[in-house]
Amino acid sequence: MKYKIIILVLLAGLLIACGKKKLPILGERAVDVKTVNGQEVIDTIYQTVPDFSLTNQDGKIIDQNTINGKIYVADFFFVTCPTICPRMKKNLLTVYEAFKGNPNILFLSHTIDPEHDSVAVLKNFAERLGADSKQWHFLTGNRDSIYELATHGYYATALPDSTEPGGYVHSGGLILIDKNRRVRGIYDGTSEKDTKTLMEDMELLLNEKE
Amino acid sequence: MKKSSIILFIIFVLIFSACIENQFSNASVNLASGYQLYERNCSNCHQKDGSGFARLYPPLLNSDYILNNPNMVDSIIKHGQKGSIKVNGVEYNLAMPAYTKLSQHEVNQIAYYVLIKFNKLDSLLMEK
């Protein structure tokens with residue numbers, strides 16, 4: 001009996017020690033071989049979110065300088081979406097509430113219907129949701145740049161499709177980006193369980209050493 | 001004379017009870033399919049329990065707007081809604097899309113579900 005308890009305690013200790021997981025770095029990677037002080041050094045170059053320039057709900061330009069050194073969650077949606085967006089936004093609001101006021105965390109919600117979702121429309125939507133424009137940016141801009149950013153920057157789907165309710169097909173992913181603009185996780189924004197994992201992973205990223 | 005009136009009375013009672021039973025079973029069928037249609041088409045925004053979400057999507061549960069306009073529910077589902085409305089003291093202004101792909105029968109079932117389940121409106125109130 002005593003032995004069993006000791007083994008159990010040891011196992012628990014081992015589990016806690018191993019539990020500190022590190023998030024993977026998603027995307028393609030390249031190897032760069034450099035010569036430093038006459039020695040060959042191999043450096044891995046990870047794919048990063050490309051430079052962008054979009055407008056938020058206050059009419060302010062949001063670009064790579066805004067996200068510099070910050071951890072952020074990105075998603076793609078449109079205001080008149082009757083399907084998965086409301087569920088995504090409800091879950092994202094939970095994440096936002098949990099990290100509200102944290103200067104190291106941002107939220108970037110991109111519209112995939114910029115023709116309809118103007119600055120004023122996004123402002124109305126954000127205010128009604130209860131999102132502060134200092135931390136949660138609702139972005140609009142050039143339609144093709146947004147689609148390009150979605151597909152190649154964040155591995156998300158965003159396409160017009162007249163057969164879909166609302167007129168667009170898009171993934172319900174919440175994408176987690178680290179301080180170095182690398183994608184570290186993609187979570188199903190319509191799932192409460194996945195949203196919980198996202199919040200745990202954000203804590204991990206906040207505590208990650210360079 | 002007496003015999004025929006008794007027969008007539010029995011026939012009348014039979015028809016009447018058949019009607020009542022029919023009405024009841026129809027009501028439960030409507031509520032069950034209304035629930036399914038509501039889940040599929042409405043609950044993403046208005047939530048499963050009809051409580052609404054933030055100041056974006058108004059509640060359908062115990063809604064003064066619905067109680068004051070019970071006959072408009074099916075028309076709102078069919079044609080959508082634009083502009084500002086006030087529900088239980090809160091203003092909402094997001095447009096609701098028209099659900100043009102639903103049949104009139106399906107629209108009625110959803111409206112029935114919203115009125116009876118969320119607002120306890122008696123079926124008699126729905127008769128236009």
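## Exercises on a predicted two-chain model

In chain B, 56% of the contacts (heavy atoms within 4.5 Å) with a separation of 6 or more are between residues 24 or more positions apart. This is a predicted model in which local features need pLDDT of at least 70 and side-chain atom pairs count only at pLDDT 80 or more, whereas totals for chains, interfaces and linings use all residues. Residues are numbered from 1 along each chain as its sequence is written, chains are lettered from A and ligands numbered from 1 in the order in which they are written, and side-chain values use heavy atoms, with hydrogens and water left out.

### Exercise 1

Describe the secondary structure and the surface of chain B.

**Solution.** Begin with the elements, which are DSSP runs numbered from the N terminus, helices being H or I of at least four residues and strands E of at least two. Chain B contains six helices and two strands, and their pattern along the sequence is α-α-α-α-β-β-α-α. Next, take burial, defined as under 20% relative accessible area with a 1.4 Å probe and protein chains only: of the 128 residues of chain B, 36% are buried. Finally, the accessible surface, from the Shrake-Rupley method with a 1.4 Å probe, comes to about 8,200 Å² for chain B, and 62% of this belongs to carbon and sulfur atoms.

### Exercise 2

**Solution.** Strand β10 (residues 173-177) of chain A runs antiparallel to β11(A) and is joined to it by five bridges; among them, A:G173 has A:D188 as its bridge partner.

### Exercise 3

Characterise the interface of chain B and chain A.

**Solution.** Count the residues first: 15 residues of chain B are in contact with 15 residues of chain A. The buried area, meaning the accessible area (1.4 Å probe) that two parts lose on being put together, summed over both, is about 1,300 Å², with 53% of it on carbon and sulfur atoms. In chain B, the residues that lose the most area to chain A are B:N44, B:F53 and B:R55, together 41% of what that side buries. The last step is to look for salt bridges, in which a side-chain nitrogen of Lys or Arg lies within 4 Å of a carboxyl oxygen of Asp or Glu; the rule finds one across the interface. B:E91 forms a salt bridge with A:R128, with the closest N and O atoms 2.5 Å apart.

Key:
Buried means under 20% relative accessible area, exposed over 50%, partly exposed in between (1.4 Å probe, protein chains only). Two strands pair if DSSP finds at least two bridges between them.
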